[in-house]
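Colleague: I am new to this structure. Please take one part and go through it closely.

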Amino acid sequence: MEVLENLMRNQAAIGDMTIHILRYLAPMLAVFLLARCMKPLLTFRKEPEIWAWLNMPDGTQIPITHWESVIGRSKSCDVTIDFPTVSRNHAVLTRYDDGSWTISDAGSKGGVEVNGKKVQICALHSRSRISIGGVEMYLQPITEKQEVRQAQLRTKAANGWDTVANLLLLSILQILMALGFMLSGTEESVVPVLQGFGGIIACQWLLFLFYAMIHRASFEVETLAFFLCTMGMAAIVTVKPGETVKQLIAMVLGVFTFLLIGWSLRDLERAKKFRYLATVAGVGFLVITLVFGTEYYGAKNWLIIGGMSLQPSELSKVCFVFAGASTMDRIMQKRNIFMFIVYSVLICGCLALMNDFGTALIFFCAFLIIAYLRSGSVGTVALAITALGFAGVIALKIAPHALQRFATWRHIWGDPFDAGYQQCQALMCLASGGLFGLGPGRGLLQHVFAADSDIVFATISEEWGLIMAVLTVACIVVLACFSIRTAQMARSAFYSIGAITAAGVLVVQTILNCLGTLDVLPFTGVPFPLLSNGGTSMIGAWGLLAFVKASDTRQNASFAVRLKGKEKS
């Protein structure tokens, strides 16, 4: 009997030592992995792609570096023609997937002529004579051979072996985390741990193999996403181990959504058709929730179907980005921005009726990004922010649920056992975790409500350390920076607006979740993208990620960019 007790004590000691080593090894491995993924996303060369030349009367050639280019007198235009008869934004030159070109009048005073005829929109052919405000020019597209050569000279994405190395590092991290849970948990927790972490490992390698089949080498964006999913699974294993399979299924559905949206964005004309469907669906999801939804904690934002709880507003975010993205020829028409404002008011109105003011704030921030990108007007954004201030005051008067959140803000220690309970516990547990955490499954925050969703940042900090928690935020920040860099070189305004808005939504959600947990901002209950437990939140986050991926024009990087000639080999 004594021998058995000694053996059990030795096994416990070995387990404690292993977990102690894991506490330091996991952050170091994660830092190394994310550094490898972040570097190519933040340091790639932003090279302009030349798709055609505009030959001017004086013999000069102006390069056309986007699939959509605004021609006008304004210095902000892609092609600036400083001539009095040319309007500030005179015309839009557009290239299509099949290599054809059109020119359309952007509401100019002098109009646009092609081969001597005044046109509103007209297809262009080689040597078509264009007249803009009396200035004549003709378009000279690059040849197919030049297009293939240009594709080969673009910045290369990471090669396949770099991706394999990153996935191996991520898989090792996931295996170590699973091992830590099995050593510190009970026999009943072994199956959920293996299902959760094993499922993520299988999914990421299957997606990589699919990329290899379609000759795509870049996997950094996806690696960051799977890292966040892994940390989210760690929180679920601790708090609600019975929901690992549910979250895994949601992640798989999210990856399929990611690929589906990427496929729709592969063809710009197809993407514009999907846009109309998404516009209707975005409102439809909210109206259905408003009529048939169930109210929890003051907000009527949940649908209960067959025992499953869904939050359709998370899917409406993806639809909103689709609705807001637009091509330059439509951006130049003022009625389109007016229609989008009406659509945004309708969306936020539905959310206000549902008392879901946290999500409404996210939509409003997305609207500000889209409004600025489509209008370029700081005044428009300032006017919208002023309107938000008035709307916020009214909301606080008519919605006691929202008012209570604001009343608790910055006063959580005044009521640590009721209104401020979650945040007080989160702050104490976050502090107790230190830099390297207490170890998997050893935190106390797991007994607090929403430890795997609303305050998941604190759960990660307590068990895995502040370093790992900060790395989750760094992933979102890097995705946002990458979106801004790629948007400058994106072929269409549709991709630029979509990528920056999607990244903006991810950043705003992260800020509201983390700073709400820390009581820096009012506590809104907004999920941390890809990290918080929630099926529709997971699907929506992967859907937003597709817009970020679609704007990437590096060689063999994005599945949304067609390959040319030798690129496929």
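**A close look at Thr 289**

Modeller: Thr 289 touches Lys 300, Asn 301, Trp 302, Leu 303, Pro 312 and Met 354, leaving aside residues up to four places away in sequence. Touching, or contact, means heavy atoms within 4.5 Å. This is a predicted model, where local features need pLDDT of at least 70, side-chain atom pairs count only at pLDDT 80 or more, and totals for chains, interfaces and linings use all residues. Residues are numbered from 1 along each chain as its sequence is written, and side-chain values use heavy atoms, with hydrogens and water left out.

Thr 289 sits in helix α7, residues 268-292. Helices (H or I, at least four residues) and strands (E, at least two) are DSSP runs, numbered from the N terminus. Thr 289 counts as buried because its relative accessibility is 0%. Buried means under 20% relative accessible area, exposed over 50%, and partly exposed in between (1.4 Å probe, protein chains only).

For contrast, take Leu 25. Leu 25 lies in helix α1, residues 2-43. Its relative accessibility is 35%, so Leu 25 counts as partly exposed.

Now the wider setting. The protein has 18 helices and 14 strands. Of its 569 residues, 54% count as buried. Take contacts between residues at least 6 apart in sequence: 68% of them join residues at least 24 apart. The protein exposes about 25,100 Å², and carbon and sulfur atoms supply 67% of that area. Accessible areas come from the Shrake-Rupley method with a 1.4 Å probe; for residues, only the protein chains shown count as cover.
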